[in-house]
Amino acid sequence: MKRIVVGLAGNPNSGKSSLFNVLTGAHQHVANYPGVTVEKRQGSCRYQDHEIVVVDLPGTYSLTAYSLEELIARRFVLEEKPDVVVDVVDASNIERNLYLGTQLIEMGPPLVFAFNMADLAQRRGLVFDLEQLSRLLEARIVPTVGNKGEGRTALLEAIVQTAQEGRKPRLHTVPYGGEIEEELARIEGAVAQKEKELAEKYGTRWLAVKLLEQDEEIVAKVEHREVLDVVDKSVRHLRGIFRDEPEIVMADRRYGFISGACQETIRNSVERRHDTSDSIDAVVTNRILGLPVFLLLMYVVFWATFALGEYPMRGLEWFFGWLGTGVSGLWPAASESWLRSLLVEGVIAGVGGVVVFLPNILLLFLAIALLEDTGYMARAAFVMDRLMHKIGLHGKSFIPMLIGFGCSVPAIMATRILENRRNRLTTILVIPLMSCGARLTIYSLIIPAFFTSAWRGPVMWSVYLIGIILAVVCAKLLRLTIFQGETMPFVMELPPYRVPTPRSVLIHTWQRGWMFLKKAGTVILGISILLWGLAHFPRPAAEQLAGLDKAQAQQVALEQSLMGRVGRLIEPVIQPLGFDWKIGTALIGATAAKEVFVSQLSIVYAAGSEDNTDVLREKLRANYTPLVAFCILLFSLISAPCVSTVVMTGHETGSWRWAAFQFLGLTVLAYVITFMVFQLGRLWM
Amino acid sequence: MGKTVMEHSQVRSLSAVKTGEKARLVRVNASRGLNSRLASMGFVPGVEITVVSNGHPGPFVIVIKDVKMALGRGVAPKIMVN
């Protein structure tokens, strides 16, 4: 069986991902490109006796060195040399889509064009002479309808045939006109003579084009000063003639080539007129209605994720509870077996505590897939852009941040909707500041214990607000420091609205759910066991436990454990925040999951079962002031995100360094802020 | 190209074009990065731009080569048309 590697290129909104789904079905997996936060989807299928491996490249308009996504797409074509590149073209919008095509033509891989959404083009009154256009582009053209699965066989056939022919020299190049061609010839000559290695790898024509465009990546690869001198001279010469950068003039010439080809081969029998999309846009991007519509839809997403998800979530909670009791029952009731404790309190409680979020994750990604596939996401980004732009983020960043109020883990996964890496990293790093649902359990323990009912609302509100303000400040700071650089001003295509297909929505949803389960079963499981070990070893001697009731025994065991000892060890460090070792121990436990804070605190105070929080509240009131209580709230809000968040950040950013940076950065921030609040507060009270 | 037309009519920024009006692009006054990105999205000299909605405030929506696009704050003033 022969293996054919296919790179799938195309503009954003060209229907590339639905075509990818059609080609590969469920045989796909998602990862990141090594070391970068850009998603790499790969899948495979069989056609006749060929195994066809399809790599979905990032959707781009061009292949310059200005954005990471474009660099990744072009490196794939140049360095990995796929057997075939398929350029997915939105057939209802040929000219703009073929711009990317002209650049692929110049790179010289065996090329196939998929004229996607051919049905839409037909309805718009476009008539193609594909045979003639195929001759002009010197590549096969296959009409497809991605969301209906039409044209699959024809496309696979074209891929196989093109792969068998291999690379062949082109009869025509994309023409740039006399003056530019002269300079290109000059540069080609210099490159062929001095940079043999580069010329062999990339071809002289493409190198010359990129050098004349002053492409940063290619310029940096040139070793001989003389070549760059030739380029500089050409650039100056052309600037003099055109009074513009050569790259802009060249872009113009590419469009010239395309429109020449289209004029001969495409007839447009109907003028573009006001369509349904325009009518919907009149409402959803309306300056008065836009925001309310957006907020309403976000409310629905949020509601679906957390309210609707609660029922299956309760089912899962019940299941893990049942499993825990069942496993526990394998030992006699009074048994102190550490294996039982490991299985029940470590493994089942740890993994179960994360897996119960699966319904939320599935519902959230179902909602996101629907928003994306219908075309509303572009509008949402646009409505929020003004606000988000002020803090240096993209309009779309709003969605993951909103999800963060439910749980940071799906929120971090949701940042995949952001194409720009800097935006995505900034958003990921500040997401834990959105106060998540698990922290609510801490608030609902502490707030009623220390504040009168008139103050409970405002205190709670202020905690959430502080989180939001800090997120905004941190995002802005990150954008001004480590993620410096021009925030690409917002120019976004508003694709026509479409009815999403169940198939692509379901594939999308399932992929996210599966990814989440894999994490829970591996890394999160390991860390749960580790934290369990910290809280249970070393165990106290039998005589220490003599005569104690169960709650007291647990208290002694935790005090003696590594976690308890570390809690004592850090007491001098956290004392300036108003915390003692008991709070310290609970805070360490809270890194497993924020809600563990409550159960840990209840153990150190030997307050008995978790259900009876009144006893614990009583003890807390006796030991701490409302100021300390507020400091606990603040610290739990800001500090160290939970283990699952850390794991997800590491996974999504493709680097543990970012996860460590987030963990330490937030902890330091929490320390500084709590320190100031406690010390200043003490002066007043 | 745009140059000959420029001599006949006045160059102004796209933000001065009213809703429903059409204009031809002359140049984009932005950084090389944005210039190149816009060029790849079809913003090349001579192209016809239809303003679907000229915010004030609110969204700035245009149609270029049959594609509807939203421009963020600060982009329209950089686009020179006539």
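Trainee: How many helices and strands does the secondary structure of chain A come to?
Mentor: Chain A has 34 helices and ten strands. Keep in mind that this is a predicted model.

Trainee: What is the mean pLDDT of chain A, then?
Mentor: The mean is 84, and 95% of the residues of chain A reach 70 or more. Among the elements of chain A, strand β5 (residues 84-90) has the highest mean pLDDT, 95, while strand β2 (residues 28-32) has the lowest, 69.

Trainee: And what does the C-alpha trace of chain A span along its principal axes?
Mentor: About 95 × 55 × 55 Å. Chain A has 685 residues, and 47% of them are buried.

Trainee: Let's move to the interface. How many residues of chain A are in contact with chain B?
Mentor: 30 residues of chain A are in contact with 31 residues of chain B. On the chain A side, the elements giving two or more residues are α3 (94-107), α12 (246-265), α18 (376-390) and β10 (491-493).

Trainee: Which of them gives the most?
Mentor: That would be α12(A), with five residues. By class, the side of chain A that touches chain B has 13 nonpolar, twelve charged and five polar residues.

Trainee: Which helix of chain B does α12(A) pack with, and at what angle?
Mentor: Its partner is helix α2 (residues 32-40) of chain B, at an angle of about 5 degrees and with the axes 10 Å apart. Angles under 35 degrees count as roughly parallel, so α12(A) and α2(B) are roughly parallel to each other.

Trainee: Which residues meet there?
Mentor: From α12(A) you have E247(A), I248(A) and A251(A), and they meet N35(B), S36(B), A39(B) and S40(B) in α2(B). By class, that contact has three nonpolar, three polar and one charged residues.

Trainee: Now the strands. Which strand of chain B is joined to β10(A), and by how many bridges?
Mentor: Three bridges join β10(A) to strand β5 (residues 67-71) of chain B, and the two run antiparallel. Within that pairing, E493(A) stands opposite M69(B).

Trainee: In what order do the strands of the open sheet come?
Mentor: The order is β10(A)-β5(B)-β4(B)-β3(B)-β2(B)-β6(B)-β1(B), seven strands with antiparallel pairing. The edge strands are β10 of chain A and β1 (12-13) of chain B, each of which pairs on one side only.

Trainee: How many bridges are there between β4(B) and β5(B)?
Mentor: Five, in the antiparallel sense. For a pair to look at, F60(B) has L71(B) in β5(B) as its bridge partner.

Trainee: Switching to backbone angles: what is the phi of K65(B)?
Mentor: K65(B) has a positive phi of about 45 degrees although it is not a glycine. You'll find K65(B) in the loop between β4 (60-64) and β5 of chain B.

Trainee: Is K65(B) buried or exposed?
Mentor: K65(B) has 21 other C-beta atoms within 10 Å, so it is buried; the cut-off for that is 20 or more.

Trainee: What about R243(A), where is its place?
Mentor: R243(A) is in the loop between α11 (225-242) and α12 of chain A. R243(A) is not a glycine either, and has a positive phi of about 50 degrees. With 10 other C-beta atoms within 10 Å, R243(A) is exposed.

Note on methods. Residues numbered from 1 in each chain as written. Chains lettered and ligands numbered in written order. Predicted model: local features only at pLDDT ≥ 70, side-chain atom pairs only at ≥ 80, totals over all residues. Helix = DSSP H or I, 4+ residues; strand = E, 2+ residues; numbered from the N terminus. Buried ≥ 20, exposed ≤ 12 C-beta atoms within 10 Å, placed from the backbone. Contact = placed C-beta atoms within 7 Å. Nonpolar A, V, L, I, M, F, W, Y, C, P; charged D, E, K, R; others polar. Pairing = 2+ DSSP bridges. pLDDT = per-residue confidence, 0-100. Axes fitted to C-alpha atoms, helices over the stretch in contact; angles between N-to-C directions. Parallel < 35°, antiparallel > 145°, perpendicular 65-115°, else oblique.
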